Amino acid sequence: MSAQTRAAVRAILFGLLSWFIPFVTGFALFPLKKSNASLFSTLMYLVVLVTAGALLNFYFRKRAVSVRKSALVGAVWLAINLVCDYPMFAYGPMKMTPLGYYSEIGLVYLTYPVFAILAARMAKA
């Protein structure tokens, strides 16, 4: 397996984790949404942010960090999160309109590419 293929597989596997960790945490915290929706939203955003930081750290461990690579990894993770969420929120038990989904959940996934790019820029400084 070539280095590029291994990097792609690694990005996809970490991308799946970037969806799975907040998803499982969201299920655990979901009862809080009814009693305090603002707190639930804040906690979920923090979960995504911490997940992004931890997974980017593991992904780039012992590897050269560049803004281009970070942007690509962040974009891949964004796409994976949107694709994994689609069945749950388009057809599943939490059915939402596209506008509702993107305003409540989908935009938070922009954290992955934004955090990746800014962290890479800081690493280069």
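Helix H1 passes helix H2 in a right-handed crossing, where a crossing is right-handed if the near helix is turned clockwise from the far one by less than a right angle, and left-handed if anticlockwise. The two helices, H1 covering residues 3-35 and H2 covering residues 37-59, belong to a predicted model, in which local features need pLDDT of at least 70 and side-chain atom pairs count only at pLDDT 80 or more, while totals for chains, interfaces and linings use all residues. Residues are numbered from 1 along each chain as its sequence is written, and side-chain values use heavy atoms, with hydrogens and water left out. Helices are DSSP runs of H or I with at least four residues, strands are runs of E with at least two, and both are numbered from the N terminus.

**Confidence of the model**

- The mean pLDDT of the chain is 93, and 100% of its residues reach 70 or more, pLDDT being the predictor's confidence in each residue on a scale from 0 to 100.
- Among the elements of the chain, the lowest mean pLDDT, 87, belongs to helix H4 (residues 98-104), whereas the highest, 96, belongs to helix H2.

**Helix H1 against helix H2**

- Helices H1 and H2 pack at an angle of about 160°, and their axes are 9 Å apart; axes are lines fitted to C-alpha atoms, for helices over the stretch in contact, and angles run from 0 to 180 degrees between N-to-C directions.
- H1 and H2 are therefore roughly antiparallel to each other, since angles over 145 degrees count as roughly antiparallel, those under 35 as roughly parallel, those from 65 to 115 as roughly perpendicular and the rest as oblique.
- The residues in the contact of H1 with H2 divide into 19 nonpolar, five polar and two charged, where Ala, Val, Leu, Ile, Met, Phe, Trp, Tyr, Cys and Pro count as nonpolar, Asp, Glu, Lys and Arg as charged, and the others, Gly among them, as polar.
- Tyr-59, which is found in helix H2, counts as buried at 6% relative accessibility, a term that means under 20% relative accessible area, with exposed meaning over 50% and partly exposed in between (1.4 Å probe, protein chains only).
- Leaving aside neighbours within four places in sequence, Tyr-59 is in contact (heavy atoms within 4.5 Å) with Ala-7, Arg-10, Ala-11, Phe-14, Val-73 and Trp-77.
- Tyr-59 and Arg-10 are 49 residues apart in sequence, yet their C-alpha atoms are 7.5 Å apart in space.

**Helix H1 against helix H3**

- The axes of H1 and H3 come within 9 Å and cross at roughly 50°, and the two helices are therefore oblique to each other.
- The crossing of H1 and H3 is right-handed, and the residues that make the contact include Gly-15, Ser-18 and Trp-19 of H1 and Ile-80, Asn-81 and Cys-84 of H3.
- By class, the contact of H1 with H3 has 11 nonpolar, three polar and one charged residues.
- Asn-81 has its place in helix H3 (residues 67-90) and is buried, with a relative accessible area of 0%.
- Not counting residues up to four places away in sequence, Asn-81 touches Gly-15, Ser-18, Trp-19, Tyr-101, Tyr-109 and Tyr-112.
- Phe-20 is found in helix H1 and is partly exposed, with a relative accessible area of 46%; the C-alpha atoms of Phe-20 and Cys-84, 64 residues apart along the chain, are separated by 9.0 Å.

- Ser-70, found in helix H3, counts as buried at 2% relative accessibility, and beyond its neighbours within four places in sequence Ser-70 is in contact with Phe-60, Val-65, Ala-116, Ile-117 and Ala-120.
- Lys-124 has its place in helix H5 (residues 111-124) and counts as exposed at 54% relative accessibility.
- Not counting residues up to four places away in sequence, Lys-124 touches Val-65 and Ser-66, and the C-alpha atoms of Lys-124 and Ser-66 are 7.6 Å apart although these residues are 58 apart in sequence.
- Lys-62 lies in the loop between H2 and H3 and is exposed, with a relative accessible area of 84%.
- Phi of Lys-62 is near 60°, a positive value in a residue other than glycine. Most residues other than glycine have a negative phi.
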